Amino acid sequence: MEMMQMKLHQNKRQVMIFITLILSWEAGSESIRYSVLEETESGTFVANLTKDLGLRMGELAARGARVVFKGNRQHLRLDPDTCDLLLNDKLDREELCGSTEPCVLPFQVLLENPFQLFQADLQLTDINDHSPEFLEREMLLKIPESVQTGTVFPLKIAQDFDIGSNTVQNYTISPNSHFHVVTHHRGDGRKYPELVLDKALDREQQPELSLILTALDGGAPPRSGTTTVHIEVVDINDNAPEFLQSVYEVQIPENSPLNSLVVAVSARDLDAGTYGKVAYALFQGDEVTQPFVIDEITGEISLKRALDFEATRFYNVEIAATDGGGLSGKCTVVIEVVDVNDNAPELTMSRLISSIPENSPETVVAVFSVSDPDSGENGKMVSSIHNGLPFFLKPTFKNFYTLVTERPLDREERAEYNITITVTDMGTPRLKTEHNITVLVSDVNDNAPAFTQTSYTLWVRENNSPALHIGSVSATDTDAGANAQVTYSLLPPPDPIVPLASLVSINPDNGHLFALTSLDYEALRAFEFHVGATDRGSPALSSQALVRVLVADANDNAPFVLYPLQNASAPCTELVPRAAEPGYLVTKVVAVDGDAGQNAWLSYQLLKATEPGLFGVWAHNGEVRTARLLSERDAPKQRLVVLVKDNGEPPLSASVTLHVLLVDGFSQPYLPPPEAEAAAAAPADPLTVYLVVALASVSSLFLFSVLVFVAVRLCRRGGAGSAGRCPVPEGHFPGHLVDVSGTGTLSQSYQYEVCLTGGTGTGEFKCLKPILPTFPLQDTVREIKENPTVRNSFLFN
């Protein structure tokens, strides 16, 4: 199998990937170890888990096998069909383990039914996926020209995140006649370069050199990194600084405060002047990679970043001492970080059951593991839960525990348990971690939903916008889970006047009611229906409540004028005698409003008039009356605009235009008092009688007025002789005579046109062109015969 996989990947990527299965048995426990190359593609076959665990084919799937890593990071997964162990994603050894070797990721195989745990490890093998890299692009060396051949100059090393043979193995320098590079081994396994002088330098011939230093790793193929070594040749300085110790060893607690002193190094130089002054520096660019800083003058190393024992336990710090002439010496400071109890235990939870049926026997509720990155006593842990709960912790395997019910549970006694798992380490001071889980006891559906009210009354203002939220109903169910989830619905009445589905809708989740259409108070003032609430149990239970919707009136109808009609073919004209007394009833404006309440209260006011102050309108009944005596100066034609306004908010209004003709010699009709009108109610229709009387009176008055007018013209013409003529007014006077059953005006059923014409000498005039009413002539004649007042008056044919 391994040979087939290597051949397949070699054809695709030309990169060899191998997977090795190692079966090892640790002391006191069974452990399976798998080895895989880092950066292997996701989905790569790792092992046949069924065979390795000694199980039957298909048993892993049947028992609900799962792979559990620390921190719930799933580096491996099980193939759902074959249950083979596969890589879940690409793994980077440097990211997961850093410089730790070997890189081992422990995991567990969890079988749920029945419960069983297997311990296993995944070992990542390093590949050459990082190139050596110098922290600085250029190194500066100041070398005196008096330096003897064979002198060694330390160079800064290159970093390579790979390990073993894949890390830096050799250094080379670009060809030159003065130097070569020698590679040495450090105590920690790393290799460092040294520059060796082969030929004496001469500053006068060549004051500086630039060489390329190359670091090569041992991979196949090898990777490399380069930096420039810039050499300045300086004048004589024949003594390099020397440290008192070549290696300093020191221990420091990981919780040491910042800027605390770690150690002080010291170097001396036998030269004098600037060549004897020593400056200290972190040699390996440690101001970036390490949490230390050194004082350039005193050589004191102090802490600049917090330490973490769990991340790095040892530091190898290279210190360089350089004099004023460019000579340098170096030493190594080995710093060991001492562990303190600064990490609380970690708990990784794998929940098996979130809800337990009541009366169930001993049941595994949860499985969890505990860990502490501290060491020694600081890493030992104890797990516990509160007393008084029907649960207990059962140790299983290597820091794994199961939470198990102690006895059958009763939901009627308690429906929910909040369990706190406490993990405490044995360090000083002791640190602990608490993890809360909730265990529910499942329920049966034995309670129907209950509305908060048996009936609801909702008010909606008419002319509402569609989909308006008009109110809500609410029902609760004391059951739990799906048994307590309530769904609302409309229950239409058996014989609705209007389909309920066209009026309202309900949100099945929250019981909000919405009006689907714009409601009209004048058409529908109230309606009612039932709302049902049903839970989701099995079988489902339900209840219902009555909802009554009342529509509130809005001022959405303007007043409508019934009389006088504004859409008539001819304008309505009222005749008023000039001899009328103040308070004379000219006409009455009649209007209605389709709204209700104060929205239908109407008021009348005179908006415009030809002669202000001549007429007045009663605000509450719309009667138009004269306000003063008429005079000859008043225009014969009067135009009145009456405004009819309701009492809504905002108020709506309508206007009507009245034409009033002032007539000379037109006698005021008889206006009986109101009590006389009630007493005079006879079998004959009083309106018809008054119409006939008014018609005869007006005809007589018109004829008399015309005769008087002709006589006056003739008299003036005779008196003036042939010297000239008296001007005669010309014009067209339309009129509408209206009688409103005893109020003193004529009915608009009778219309006359009176035209006065001035000629050259004939004095011709035309008058009394009747427009007969719409009722039949026989009825008119019959009314005239029955009314003696009409028989005694003039009647124009």
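**Notebook: charged pairs, rings and the disulfide**

I began with Arg 628, which is partly exposed at a relative accessible area of 29%. For this term I take buried as under 20% relative accessible area, exposed as over 50% and partly exposed as in between, with a 1.4 Å probe and protein chains only. I note that the model is predicted, that local features need pLDDT of at least 70, that side-chain atom pairs count only at pLDDT 80 or more, and that totals for chains, interfaces and linings use all residues. Residues are numbered from 1 along each chain as its sequence is written, and side-chain values use heavy atoms, with hydrogens and water left out.

**Entry 1: salt bridges**

I looked up the partner of Arg 628 and found a salt bridge with Asp 634, with 3.1 Å between the closest N and O atoms. The criterion is a side-chain nitrogen of Lys or Arg within 4 Å of a carboxyl oxygen of Asp or Glu. Asp 634 counts as buried, at 4% relative accessibility. I recorded 13 salt bridges in the structure.

I next took Arg 33 and Asp 121, a salt bridge whose closest N and O atoms are 3.5 Å apart. Arg 33 belongs to strand β2 (residues 29-37) and Asp 121 to strand β8 (residues 115-125), so this pair ties together parts 88 residues apart in sequence. Asp 121 is buried, at 6% relative accessibility.

I then listed Glu 318 with Lys 330, a salt bridge with its closest N and O atoms 4.0 Å apart. Since Glu 318 lies in strand β23 (residues 314-322) and Lys 330 in strand β24 (residues 328-338), the pair ties together parts that are 12 residues apart in sequence. Glu 318 is buried at 5% relative accessible area, whereas Lys 330 is partly exposed at 29%.

**Entry 2: charges over rings**

I returned to Lys 330 and found that this residue also lies over the face of Tyr 192, 4.3 Å from the ring centre. The test requires NZ of Lys or CZ of Arg within 6 Å of the ring centre and within 35 degrees of the ring normal. I noted likewise that the charged end of Arg 625 sits over the ring of Trp 618, at 5.0 Å from its centre.

**Entry 3: aromatic pairs**

I counted 11 aromatic pairs. Among them, Phe 527 and Phe 529 are stacked, at 6.2 Å centre to centre and 20° between the planes. Rings of Phe, Tyr and Trp (its six-membered ring) pair if their centres lie within 6.5 Å; planes under 30 degrees apart are stacked, over 60 edge-to-face and the rest tilted. Both Phe 527 and Phe 529 are buried. I also found Tyr 34, Phe 69 and Phe 107 linked into a cluster by ring pairs.

**Entry 4: the disulfide**

I found one disulfide, a term that denotes a pair of cysteine sulfur atoms within 2.5 Å. Cys 97 is joined to Cys 103, with S to S at 1.9 Å. The link of Cys 97 and Cys 103 is right-handed, with 65° about the S-S bond. Cys 97 is buried at 17% relative accessibility, and Cys 103 is buried at 0%.

**Entry 5: the whole protein**

I recorded nine helices and 53 strands; helices (H or I, at least four residues) and strands (E, at least two) are DSSP runs, numbered from the N terminus. Of the 797 residues, 42% count as buried. Among contacts (heavy atoms within 4.5 Å) between residues at least 6 apart in sequence, 65% join residues at least 24 apart.
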